[in-house]
Amino acid sequence: MLLLVPSGQAATLNREYPLKVAYLFHLAELTEWPAPANIKICLLGDSPIREYLPALAGQAVNGGAVQISINQGMEGAECNIIFLANNAGLTPELSARAINQHILLVSDMEGFAALGGMVEIALRDNKLKLVISLEVVKKAGLKLSSKLLRMAEILE
């Protein structure tokens, strides 16, 4: 998935985080979980995305409604998607939990997918691009649509 962002650093900064939230919504739409349910997107850490994430609450995805949890702690949160604000949050414990509980791990931090994360929303040349570690996504029992995979950079 590749979006054009108007040239100029200020325009990029103004649109970057709302676009990343739009990417999260599309990830929710284009990901298949083993057991269909309402989609809960959780933010872990401090990110400017927190300002825009509540706009997704109540949006319909695959017959369910999106729920949002911001820094409520991960115990019992039952998240379907966790957006990590930094790579330090990508601990071996969280990775194991994501694989065992079918949680899609997403971040906008450089190198996230290469470090064991699942989906990195990268900003390159004023464009957002998805970098996907497909092996880790498959280990978690998640399926990404071919439409999504065609537009992403895949790490094998």
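S69 is found in strand β6, where helices (H or I, at least four residues) and strands (E, at least two) are DSSP runs numbered from the N terminus. S69 is buried, with a relative accessible area of 6%; buried means under 20% relative accessible area, exposed over 50%, and partly exposed in between, with a 1.4 Å probe and protein chains only. Leaving aside residues up to four places away in sequence, S69 touches K40, I41, C42 and L43, a contact being heavy atoms within 4.5 Å.

The model is predicted, so local features need pLDDT of at least 70 and side-chain atom pairs count only at pLDDT 80 or more, while totals for chains, interfaces and linings use all residues. Residues are numbered from 1 along each chain as its sequence is written, and side-chain values use heavy atoms, with hydrogens and water left out.

The protein chain has four helices and 12 strands. Of its 156 residues, 46% are buried. Among contacts between residues at least 6 apart in sequence, 56% join residues at least 24 apart. The accessible surface of the chain comes to about 7,700 Å², and 53% of that surface belongs to carbon and sulfur atoms. Accessible areas come from the Shrake-Rupley method with a 1.4 Å probe, and for residues only the protein chains shown count as cover.

Confidence comes next. The average pLDDT of the protein chain is 88, and 88% of the residues score at least 70; pLDDT is the predictor's confidence in each residue, from 0 to 100. Over residues 1-11 pLDDT stays under 50, and for this stretch the model has 27 contacts beyond four places in sequence. Where pLDDT is low, the predicted coordinates should not be read in detail.

One of the residues that S69 touches is C42, which is placed in strand β3. C42 is buried, with a relative accessible area of 0%. Which cysteine is its disulfide partner? The partner is C79, and the two sulfur atoms are 1.9 Å apart, a disulfide being a pair of cysteine sulfur atoms within 2.5 Å. The structure holds one disulfide. The angle about the S-S bond is -95°, and the link of C42 and C79 is left-handed. C42 lies in β3 (residues 40-44) and C79 in the loop between β6 (67-70) and β7 (81-84), so the pair ties together parts that are 37 residues apart in sequence. C79 is buried, as is C42. The C-alpha atoms of C42 and E78, which are 36 residues apart along the chain, are separated by 8.9 Å.

The largest nonpolar core has 46 residues. A nonpolar core is a set of buried Ala, Val, Leu, Ile, Met, Phe, Trp, Tyr and Cys residues joined through side-chain atoms within 4.5 Å. Those with the most contacts inside this core are L24, I81, L104, L105, V106 and M118. The elements that give two or more residues to the core are α1 (9-29), β3, β7, α2 (92-101), β8 (104-107), β9 (119-124), β10 (127-133) and α3 (134-139). The largest share, eight residues, comes from α1. V106 touches L24, L27, I81, I82, F83, L84, F112, V119 and I121, not counting residues up to four places away in sequence.

Helix α2 has buried residues L94, S95, R97 and A98. Seen down the axis of α2, these residues fall within an arc of 165°, so they line one face of the helix; the arc is that of the directions from the helix axis to the C-beta atoms. An α-helix has 3.6 residues a turn, so residues three or four places apart point the same way. The buried residues of α2 pack against β3, β7 and β8. On the other side of α2, P92, E93 and N100 are exposed. H102 follows α2 and has a positive phi, near 60°.

Are D125 and N126 exposed or partly exposed? D125 is exposed, with a relative accessible area of 73%, whereas N126, at 27% relative accessibility, counts as partly exposed.
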